[in-house]
Amino acid sequence: MRGARGIAAGAAIPPPPARRPYDASGRRAAAEQRRVFVTVTAAGLFAERGWRGTTIAAVAREADVSVEYVTKTFGGKQALLMEAMRSATFGRRGSLQDAFAELALADEPDRQVRLDRFVDFACASVVPMAPFVPAMVQGASEDERMRSVLDTARAGHVEVVREAVPLLATGPVHDDAVDEIVVLTRAETYLTFAVELGWAGGRYARWLRRAVGRAVGLTG
């Protein structure tokens, strides 16, 4: 007891061990992986089943998460489809206009090289996005928000082509050049070749280069 009283009266009590700072990076990484997995799962379902056949419940079931998680994370079916499309096309780089701006066509003096870059850009945009177009069109017929998204996407496509044509052409072009290239580079056109006619991606790219070149007067 004397020893105990001595400790209480005079001995210093050692401080508690310092707590290690909490590292949340692993938790954040796991959360991001789960989000990406749900996005990829939704992308597959939208491409396979379309707008009507893909429900929030179906995505949650296939991704092994709750319906509440999907709704809370993505906000709804329309937002989920858009996120799935972004992940399959431009990732997190931004919009179609942002991706086109990265080409910096005006900085390239050789218009044939500009044409190559534009065709590569078009293929990289259209080929992965094409499977989602039927879902977008179907959704636009039933959902006002999807209709607005589709209209915005189509307007953005026209804007990009309108910017590209003067950068590709060597001189004045036909009044219909912009409209022609819009049709040439639409996802529906690619789907006609790829799905209905069985064209491979390389054949489509070669055809697109010839067709766009003719429209802007670069090729005969």
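This is a predicted model: local features need pLDDT of at least 70, side-chain atom pairs count only at pLDDT 80 or more; totals for chains, interfaces and linings use all residues.
## Overall picture

A residue counts as buried when its relative accessible area is under 20%, as exposed when that area is over 50%, and as partly exposed in between (1.4 Å probe, protein chains only). Residues are numbered from 1 along each chain as its sequence is written, and side-chain values use heavy atoms, with hydrogens and water left out.

The protein has 12 helices and 0 strands; both are DSSP runs numbered from the N terminus, with helices being H or I over at least four residues and strands being E over at least two. Read from the N terminus, then, the elements go α-α-α-α-α-α-α-α-α-α-α-α. Take contact to mean heavy atoms within 4.5 Å. Of the contacts in the protein with a separation of 6 or more, 67% are between residues 24 or more positions apart.

In soluble globular proteins, nonpolar side chains tend to be buried together. A nonpolar core here is a set of buried Ala, Val, Leu, Ile, Met, Phe, Trp, Tyr and Cys residues joined through side-chain atoms within 4.5 Å. The largest one has 37 residues, and I181, Y204 and L208 are the members that touch the most others. Two or more residues each come from α6 (96-101), α7 (111-129), α9 (144-168), α10 (177-184), α11 (187-196) and α12 (201-215). The top contributor is α7, with 7 residues. Apart from this core lies another, of 27 residues, and F46, A63, M82 and M85 are among them.

What does L208 contact, once neighbours within four places in sequence are left aside? The list is V119, A122, C123, L184 and T185.

## Buried residues worth a click

Start with V126, which sits in helix α7 and is buried at a relative accessible area of 4%. Skipping neighbours within four places in sequence, V126 is in contact with T185, R186, A187, Y190 and Y204. V126 and T185 are 59 residues apart along the chain, yet their C-alpha atoms are separated by 7.2 Å.

H157 is in helix α9 and is buried, with 16% relative accessible area. Not counting residues up to four places away in sequence, H157 touches L96, V182, T185 and R186. T189 belongs to helix α11 and, at 17% relative accessibility, also counts as buried. Beyond its neighbours within four places in sequence, T189 is in contact with V183, L184 and W207.

## How two helix pairs pack

For the geometry, axes are lines fitted to C-alpha atoms, for helices over the stretch in contact, and angles run from 0 to 180 degrees between N-to-C directions. Angles under 35 degrees count as roughly parallel, over 145 as roughly antiparallel, 65 to 115 as roughly perpendicular and the rest as oblique. A crossing is right-handed if the near helix is turned clockwise from the far one by less than a right angle, and left-handed if anticlockwise. For residue classes, Ala, Val, Leu, Ile, Met, Phe, Trp, Tyr, Cys and Pro are nonpolar, Asp, Glu, Lys and Arg are charged, and the others, Gly among them, are polar.

Helix α5 (residues 77-88) and α9 have axes that come within 9 Å and cross at roughly 30°, so the two are roughly parallel to each other. The crossing is right-handed. Q78, L81 and M82 of α5 meet R145, M146 and V149 of α9, which by class makes 4 nonpolar, 1 polar and 1 charged residues.

Helix α3 (residues 56-63) and helix α4 (residues 67-74) pack at an angle of about 110°, with axes 8 Å apart, and are therefore roughly perpendicular to each other. The crossing of α3 and α4 is right-handed. I56, A57 and A60 of α3 make the contact with V67, V70 and T71 of α4; 5 of these residues are nonpolar, 1 is polar and none is charged.

## Positive phi in the loops

D64, in the loop between α3 and α4, is not a glycine but has a positive phi, near 60°. Is D64 buried or exposed? At 71% relative accessibility, D64 counts as exposed.

A104 lies in the loop between α6 and α7 and has a positive phi of about 50°, again without being a glycine. At 30% relative accessibility, A104 counts as partly exposed.
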